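Subject: Structure for you to look at

Hello,

Here is the structure I promised to send. Please open it alongside this note; my findings follow below.

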Amino acid sequence: MIYLDNSATTKPDRSVLESYTKISTDFWANPSSMHQFGGEAGQLVERARSQAASILGVNTSEIIFTSGGTESNNIAIKGIAIQYANRGNHIITSKIEHPSVREPFEQLAENGFRVTYLPVDLDGRISVDDLKNAMTEETILVSVMHVNNEIGTIQPIEEIGAIINKYPKCFFHVDGIQGFGKVPLDLVKSKVDLYSLSAHKFYGLKGTGLLYVRDAIQVASLLAGGNQERRIRSGTVNVAGAVSVAKAMRVSMEKYNKYLSKMKEMHSFLYRELSEINGIVMNSPLAGCAPHIVNFSIPELNNEVFARTLEEKQIYVSTTSACSSKTRALSKVVSELGKGDKVAGSSVRLSLSFETTQEEIETALEVIRESIEKLSELKK
Ligand SMILES: Cc1ncc(COP(=O)(O)O)c(C=O)c1O
């Protein structure tokens, strides 16, 4: 199998699984229990919190363990909007966010918030001037993703943070789910107030993640209950999950330090080779793209049929749009690039991990070339 769908999820690292199993076997107490057994579990959670904080360069108290990206994004966006609604009712996001950001904004719009959706350019990048023009004294939240999950575009987080910082009533949330461990981001320097992570995107386990919430900030709790995790995320803390998040963060930083240049080389090679294939339109930007994502379209072909052809050779990729018998569903992200419906309806994403090899990339390219040729012939 050649797995090129690492933006959907990564294979859990063995050491992450081992630490999860060990903690679940030996330290399964409720970390809030007052007895010693509970205390030991609590200490493990605090150690994981401090490790995660140190990797992110923030305070230990600023880490809230959650069940992953969707939960972190929902808590950050709705929690801030509800908590600070008395300060203003304007919130800003981009037009190419993941549904776990887009949908909460839509829910807030239905509940009386005024939402500005920032457009993106051909590369999928927002303009900081558009953001400057959109900001008002009523703006209480801006949420912009670090790396786009479909096309890999990196947003100018530091510049965005500098603009928002001029508005003391406004908070800055970053969906860091595709960026962490692949594209560096200094949360403090970029004036980020809230930052979401999901461990299954970096060799951790599904259903685990965290939300960074700057110390001074309060967030209305979406789940009322036992007031765990600074009252931001009630519910018995998943001890083994929290430990495994910190472990996955450490593992992924080790891989980053060891293999980033190899991944970057493979990414450039893949990008160059794909852009030379007849019938392919590149969607990922050439510059300012995360090193693990390459997205392209095959406007004259059906991307679902293409993906199935690759699957026959055990090559797993992702099409970012679903297909129905009559009309092709469009990728919302690629649509926003303004390249037309044919391109938006035929996108394909390849996403690498630090485990991906040059040989796998070369085999995949060969099969991609053959499949495009074969499918183009069949259409004639
Ligand atoms: C950019 C981005 N945000 C949020 C999520 C949701 O994360 P999770 O699967 O942990 O809920 C994803 C997952 O695909 C993502 O790519």
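The C-alpha centres of domain 1 and domain 2 are 29 Å apart in this predicted model. By the domain assignment, domain 1 covers 14-251. Domain 2 covers 258-379.

Now the interface. On one side, 22 residues of domain 1 make contact with 25 residues of domain 2. Together the two domains bury about 1900 Å² between them. Carbon and sulfur atoms give 59% of that area. Within domain 1, the residues that lose the most area to domain 2 are Glu150, Ile151 and Lys182. Those three account together for 35% of what the domain 1 side buries.

What kinds of residue does domain 1 present to domain 2? By class, the side that touches domain 2 has eight nonpolar, seven polar and seven charged residues.

You will find Thr153 in the loop between strand E5 (139-143) and helix H6 (157-164). Is Thr153 buried or exposed? Its relative accessible area is 0%, so Thr153 counts as buried, the cut-off being under 20%.

Best wishes

Key
Residues numbered from 1 in each chain as written. Predicted model: local features only at pLDDT ≥ 70, side-chain atom pairs only at ≥ 80, totals over all residues. Heavy atoms only, no water. Domains from an automatic or database assignment. Contact = heavy atoms within 4.5 Å. Buried area = accessible area lost by both parts, 1.4 Å probe. Nonpolar A, V, L, I, M, F, W, Y, C, P; charged D, E, K, R; others polar. Helix = DSSP H or I, 4+ residues; strand = E, 2+ residues; numbered from the N terminus. Buried < 20%, exposed > 50% of the residue type's maximum accessible area, 1.4 Å probe, protein only.
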